[in-house]
Structures are given as C-alpha cells and as structure tokens.
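Morning, everyone. Please have the sequence and the structure open while I talk.

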Amino acid sequence: MRTRLLLRIAMLALLLNLTGCPRQLVQPYDNRLLDDAETLYRETAAMIDRGIRVSPANDAARAAIAAPETHAGHASQFRPDYASAISTVDVMLLRALASQQSVSPVGERLQTRINSLLDEALPSACAELQADMAALAGPRLTIANLVDLKCLLIRWQAQHEDPTLTRQTLILKQSNWALRKSALFKAVLSIETAERAKSE
Amino acid sequence: MTTINGVDFRQVGRDALAAARAVVDDPDTWGSLKDIVANVTEGLTRDVKLIARRKDSGEFNEDDARVFIEDQKMIARIRIRSVAIVGLQLAEDIWNAVAEVFRAAIRKALDWSVL
C-alpha cells in the first residue's frame, strides 16, 4: 500500500518535472543570422578570389617579386577587406548577443560542458578573444561559433602579415587563398546548418 | 495502478514515446545531422588531396601546412559545435514532444493547468 503510494508520488514528481516549461536547450532560431552569414560569405569569398587572382603561384615566383610592398597581393592591399569581414562578424555577434533568450539550466550546463570538452581537445587560436567574449556570452554554442569565426578572420590577417610565413614579403600564395576558400565555405555551412536545424 | 482520474499513464507513456519517435524519425532532422558529420571527413580528405598535389608542384611548404592545420582546428571547433547544436535542438524537440503529451494527460488527470 505504502509502496504503491510512494511509487505514485515518485511518478507524479517525475511527470510534473517533465511538464515544466518547455525545455530550451539552445538559443532559438534567428533567420537574420542566416542572412548575415550569407553576406559574410559573399564578401569574404570576393576577397579570397581577388587574392587568388593577384597572388604568386609558388615560393620561387614570390621571391622574384621586385617590390613586394606595392604588389597587389601585399597585406596592406587587403586591410580594408579584413576589417570589413571582421566588422560583419561583429554585427552578427551583436545581434546574437542582443537577442539572447533564456535557455534552461539544463541547456546552460550542457552547452558549458560541450565548450569545455572542445577547449580541451581543440584549444582556440585566439585565447584572449575567447576569454573576452565568454564574459559577455557565457557558454552559448551559437555565439561561441561566431567568436571562432571572428578568430579565423583575425588569424587570416595575422598570417598575411607574418614575415615568416610570407618569406618577408607579406604576400600569400594562391594555395593559401584557395584553402581559405574551402575553410570559409565549411565554417559558414556549419553555422547555417546549425541555425536552420533550429527552425525545423 | 497507473490510472488516475481515468487517465491511463501507461498509455500516456506509450503516446509520449511515439511522439518522441516521430521527432527522431523526421528525415529532415537526421539529414542535417548526418550531413554535418559526413562533411567533416569529406572536406578534410579533399583538403589533404589538394595539399598533396600542391606540395608536389612546389606551391605548398611546411609553413603553409602549419597555418592550414591551425585553420582546420578552428573549423573543426565550429563544425563539432554545430553538430552539438543540432543534437541539442533534437534533444530539445524530443523533450518538448514528450512533455506536451504528459502535460495534456496531467491536466486531465489532476485538473491542474500546468505552466
């Protein structure tokens, strides 16, 4: 008799727990994020295409460039493009941060755990940026993705301005640019796929 | 005794499972999840092939490989997180489908309007 009662109470408790507010495990869908992602892709792809067009094919061709500072593939020629791309991601970040809706405590815990696992296995190349953003955004996966996208763009500019990588010329090669195109496509596709999954 | 006020909770449990299964079975949901996972391996294989070709032709050296790996780590983070987002969204959909079935049943069984 008592066992049955306890069982019933336990079942009710479980049911009431289940029937609490709808569980929100991730930040809700935002279609503007998709529009912004496409804008970012277009403008960054255009920069990369230009990079491929104007850049030398190999180390020998690059070494033969007489005046690298005035070459069309020089990092200084791309500064406005990098700034614009980073600015676009900042707009996406602002939107995502401003429209942060509440996620259930379970969701927060899950997202924190996922981010910790990722940071252990694959640390960010931009530790400082990540720390700054974590203070603003907490563990939100959607925002963490945008932070990593921003990091990618920042790193690309740093690589372009790296004397070691560019053999003192601050000029990249076609292959560097081509791989960036592939990386950009994958990054934006992942972000868009994740966002679209929320709308379905 | 699983019947409360005429509501058979064993049946409610079965209905909830069916609701959850309907969410899981939805081809679009699994499609997006599978796509991301498949993409991770395909894309990397494509890149390595590209690098091998370019190394042979002298277009790609060790420093280039270094920055390539650095970029790939960042991409992997984004992709894995996207899989997690899709997974969490799926879990959320399942949870909410289950909760909805129980909510209706509890309302009927206990005459409570639950938040």
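First, the ground rules. This is a predicted model, where local features need pLDDT of at least 70, side-chain atom pairs count only at pLDDT 80 or more, and totals for chains, interfaces and linings use all residues. Residues are numbered from 1 along each chain as its sequence is written, chains are lettered from A and ligands numbered from 1 in the order written, and side-chain values use heavy atoms, with hydrogens and water left out.

Chain A has eight helices and zero strands. Helices here are DSSP runs of H or I, at least four residues, and strands are runs of E, at least two, numbered from the N terminus. Of the 200 residues in chain A, 48% are buried. Buried means under 20% relative accessible area, exposed means over 50%, and partly exposed is in between, with a 1.4 Å probe and protein chains only. Now contacts, meaning heavy atoms within 4.5 Å. Take those in chain A between residues at least 6 apart in sequence: 84% join residues at least 24 apart.

Next, helix α2 of chain A, residues 31-54. How far apart are its end C-alpha atoms? They are 35 Å apart, which agrees with the 34 Å that 24 residues should span at 1.5 Å a residue. The expected span is 1.5 Å times one less than the number of residues. Asp30(A) caps the N-terminal end, with a side-chain oxygen 3.1 Å from the backbone nitrogen of Arg32(A). Asn31(A) sits in α2 and is partly exposed, at 43% relative accessible area.

The buried residues of α2(A) include Leu33(A), Ala37(A), Leu40(A), Thr44(A) and Ile48(A). What do the buried residues pack against? They pack against α4 (75-98), α7 (141-160) and α8 (174-199) of chain A.

Over to chain B. Helix α3 there covers residues 62-110. Its 49 residues should span 72 Å, and the ends are 70 Å apart, which agrees. Asn61(B) caps the N-terminal end: a side-chain oxygen lies 3.0 Å from the backbone nitrogen of Asp63(B). Just after the helix, Asp111(B) takes a positive phi of about 60 degrees.

Last, the loop between α7 and α8 of chain A. Arg167(A) is found there, with a positive phi of about 50 degrees although it is not a glycine. Leu170(A) is in that loop too, and its phi is near 60 degrees. Buried or partly exposed? Arg167(A) is partly exposed at 40%, whereas Leu170(A) counts as buried at 19%.

Note on methods: Polar contact = N/O pair within 3.5 Å; in protein donor to acceptor, adjacent residues only side chain to side chain.
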